[in-house]
Amino acid sequence: MHRYAVCNLLTTLSYPPWTKGLDRVVYITRSGEEQFPFHAYVHPDDTCTDKSHHSATFWSFSRLPEEIQLHVLAICPASILFQLMHTCSKLRTEASKQFWAKADAYFPVEAHWLINKAYPGDSVWNMTFLAQVHSVEVDYSLVLNDRICMRQQDERVEIQSNLVDIFWASLQNRVPNVKRVIPNYNKGNTGREYGLDRIPLALRLLIEASPHGIESSVLFLERKQTSHPTTWRTATWRRCLLRRTEQALDRHHFDMGRNEPFSCPVASCTAYFSKSGQWTIHAAEEHYQEWKRLLESLPSSSVGAGLRERNQALDRKTREVQEQYKEMKDAWKTGDEARRGEIQRSWIEQLDNDAAWETEKKGTSELWNQFMEDVHTEHSST
Ligand SMILES: [Zn+2]
């Protein structure tokens, strides 16, 4: 079995043949990966909106031989299976089996939770839900490198193999049906190594210890070996827009039976695209930092106009946020101790009560620490 697999982020882009309309809503993590919330994953697809024939179709479906019914269920999208699980007693059991067995849906779990024995009180997940899951994406935290491979004062590394055992025991305990595990090692991964050298020893040890019957691989960001390294340090919302921009131009020339080769719209570039999908890869690899030019190059169709409008709205929002941030920094810098205490309390309190923010521990905030770092860096450089 291949225990390591290389997953390039390019594989997460949308390539032809395109089977759905251009998605206007993109769910993306702060590190730039697409990740669907559960409600979006089970939301019925737009292509299944013709309700007028549904009852007649279902009547015919129930008269089909059982093996054909099973075959149809096996090719149903997750959203249909999810609906059947809730509305159709006859098909509920089989639909449920197919829903959880979907090989392309991975449910995220945090590595540090598993290594801390996965107590239900330490997590926000529903344990009954986890018990059904077959495929897990483990959010690998860099802290685990030091915890599993403890560096001693004399620079020797002491392996904490008991933590590796706890990791797998916790996973099998909380996710008893787990068949596939992918630790995601994309966060903060900015080293200069290539290929498998990027994977830290601690993560290798975890994968090597994977129990029989569980297929394990690693998802990691591989830096392309070019003279101008790609940077992903663009704002998250900008990356969402870029991904739609790339796809919109590709589809404008090659979707719906069109076959209109075109040259790269970036003036200094001589690339030419004669097949669908070529532009998407080229834009992702070569022009990630030239989002403004890419937006200007979009056709003046409703899609192009919509994306440009969206970009302007994001520009306005960015300016607004920057102004608020500056006001907050000024208030901190000019405030006395009491005022500073008030700012910190209101900040932490808001984050602790806002479901959209993940404060790892009550009373602390990574966001607050970044703010402090920023204020102090600015202070010491002036
Ligand atoms: Zn180009």
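Okay, let's start in the sheet: E2 and E5 run parallel and are joined by five bridges. Strands here, and the helices I'll get to, are DSSP runs numbered from the N terminus, E for strands with at least two residues, H or I for helices with at least four. Two strands count as paired if DSSP finds at least two bridges between them.

Quick caveats before I go on. This is a predicted model, so local features need pLDDT of at least 70 and side-chain atom pairs count only at pLDDT 80 or more, while totals for chains, interfaces and linings use all residues. Residues are numbered from 1 along each chain as its sequence is written, and side-chain values use heavy atoms, with hydrogens and water left out.

Back to E2, residues 135–139. On its other pairing, E1 (residues 107–110) goes parallel with E2 over four bridges. Val138 is a handy landmark: Val109 stands opposite Val138, and Pro183 in E5 stands opposite Val138 too. How many of the five residues of E2 are buried? Four of them, so to speak: the strand is mostly covered. By buried I mean under 20% relative accessible area; exposed is over 50%, and partly exposed is in between, with a 1.4 Å probe and protein chains only.

Now Leu171, which sits in helix H9. Leu171 comes out at 0% relative accessibility, so it counts as buried. Which residues does Leu171 touch, leaving aside neighbours within four places in sequence? Leu114, Val136, Pro176, Val178 and Val181, where contact means heavy atoms within 4.5 Å. There's also Ala118, 53 residues away in sequence, with a C-alpha to C-alpha distance to Leu171 of 7.8 Å.

Next, helix H10, residues 201–208. Its buried residues are Ala202, Leu203, Leu206 and Ile207. Looking down the H10 axis, those buried residues fall within an arc of 135 degrees, so they line one face of the helix; the arc is taken from the directions from the helix axis to the C-beta atoms. The cover over them includes helices H8 (143–148) and H9 (161–174), plus strands E3 (149–151), E5 (180–185) and E6 (215–216).

Val157 belongs to strand E4, residues 157–159, and at 34% relative accessibility Val157 counts as partly exposed.

Last topic, salt bridges, meaning a side-chain nitrogen of Lys or Arg within 4 Å of a carboxyl oxygen of Asp or Glu. The whole structure has eight of them. One is Glu94 with Lys97, at 3.4 Å from N to O. Both lie in helix H5 (residues 92–101), three residues apart, about one turn of the helix, and Lys97 is exposed at 52% relative accessible area. Another is Lys317 with Glu320, whose closest N and O atoms are 3.8 Å apart; that pair is in helix H14 (residues 302–334), again three residues apart. Lys317 is partly exposed at 40%, and Glu320 is partly exposed at 40%.

Then there's Asp374 with Lys329, at 3.6 Å, N to O. Asp374 is in helix H16 (residues 366–381) and Lys329 in H14, so this pair ties together parts 45 residues apart in sequence.
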